[in-house]
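Subject: Structure handover

Hello,

Here is the structure for you to look over. My notes follow below it.

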Amino acid sequence: MITLKTEEQIQRIKESNRILGITLAEVAKAIQPGVSTLQLDKIAEQCIRDHGAIPGCLGYEGFPATLCTSVNDVVVHGIPSDKVVLKDGDIITIDTTVLKDGFYGDFAYTFPVGNISAEARKLLTVTKESLYKGIAQAVAGHRLGDVSNAIQVHNESNGYSVLRELAGHGIGREMHEDPQVDNYGMRGNGKKLVPGMVICIEPMVCQGERYVNFDDDGWTVRTADHKLSAHYEHCVVIRKGQAEILSSYDLIKEVLKERFI
Ligand code: MF3
Ligand code: CO
Ligand code: CO
């Protein structure tokens, strides 16, 4: 069931996403060769708690950390570890959620570590572009398939593939609400978008084929061909005309400066 949000509820989701923007900027400051993903997790947890919010992923269906830290061929749900140490040329997706005043925010960004290859840079650029192409279709009166198709077409026309096993979603009092927001689909298909719907749009894009496997930890999703994968996520509210994006990459941009992709 899709629950439409009031303006007051939308402001709470926005506040949770604001804290996530601050948190990912703090994490961005620490992302460099030699740092472990567990160190990044501790920075994030502290920052979230300092802002009076609760890490939403910690304990969610047994997930053991605040951040999902997904390096290189890991698509999503990588578990922070002192054994995973970043090195020059890696890419790392940080995806996390917080809960504050009863409402969730959910936010992801793929960062370069040091100097990355031109191929990796292109993957990041195209994946992020596809997020905004999806958002551009997220307009009242359109259908979910319009969003999904825009994401799929942009990635596939650049030679990439999109994950089908996982998708975006509604958000609010629950981290994952209806509707499911696929990253592939047909224009004109699916549920109609209505003002007040709040959805997370989150393309998960593979440099090679879209097939994935789970690691033995039951969480880590890895490309079967071990090629790179990228993932960006924004929370948006459907409006008449353009969607309003409730999360922001501005603080990350300030940290990354000319390395911002
Ligand atoms: N943030 C993820 C999403 O975009 C979900 C994280 S799963 C968890 O939907 F177990 F880490 F919470
Ligand atoms: Co997320
Ligand atoms: Co999400």
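First, a convention: helices (H or I, at least four residues) and strands (E, at least two) are DSSP runs, numbered from the N terminus. This is a predicted model, in which local features need pLDDT of at least 70 and side-chain atom pairs count only at pLDDT 80 or more, while totals for chains, interfaces and linings use all residues. Residues are numbered from 1 along each chain as its sequence is written, chains are lettered from A and ligands numbered from 1 in the order in which they are written, and side-chain values use heavy atoms, with hydrogens and water left out.

Overall picture

The protein chain has 5 helices and 15 strands. Its radius of gyration (over C-alpha atoms) is 17 Å, close to the 18 Å from the globule rule for 261 residues, so the chain is as compact as a globular protein of that length. That rule is 2.2 Å times the number of residues to the power 0.38. The C-alpha trace spans about 50 × 45 × 40 Å along its principal axes. Of the 261 residues, 56% count as buried. Buried means under 20% relative accessible area, exposed over 50%, and partly exposed in between (1.4 Å probe, protein chains only).

Ser-161

Ser-161 sits in strand β6 (residues 161–162). Is Ser-161 buried or exposed? Its relative accessibility is 11%, so Ser-161 counts as buried. A polar atom of its side chain lies 2.8 Å from the backbone oxygen of Gly-208. Contact here means heavy atoms within 4.5 Å. Leaving aside neighbours within four places in sequence, Ser-161 touches Met-204, Val-205, Cys-206, Gly-208, Glu-209 and Arg-210.

Arg-18

Arg-18 belongs to helix α1 (residues 7–30). At 45% relative accessibility, Arg-18 is partly exposed. Its side chain makes a polar contact of 2.9 Å with that of Glu-15. Such a contact is a pair of N or O atoms within 3.5 Å; within protein, one must be able to donate a hydrogen and the other to accept it, and residues adjacent in sequence count only if both atoms are side-chain atoms.

Backbone points to check

Most residues other than glycine have a negative phi, and most peptide bonds are trans. Asp-178 and Pro-179 are joined by a cis peptide bond, with omega about 0 degrees. Pro-179 lies in strand β8 (residues 177–181). Glu-61 has a positive phi, near 50 degrees. Glu-61 is in the loop between β1 (54–55) and β2 (68–71), and is exposed at 66% relative accessibility. Lys-257 also has a phi near 50 degrees. Lys-257 follows α5 (250–256) and is exposed at 57%.

Best wishes
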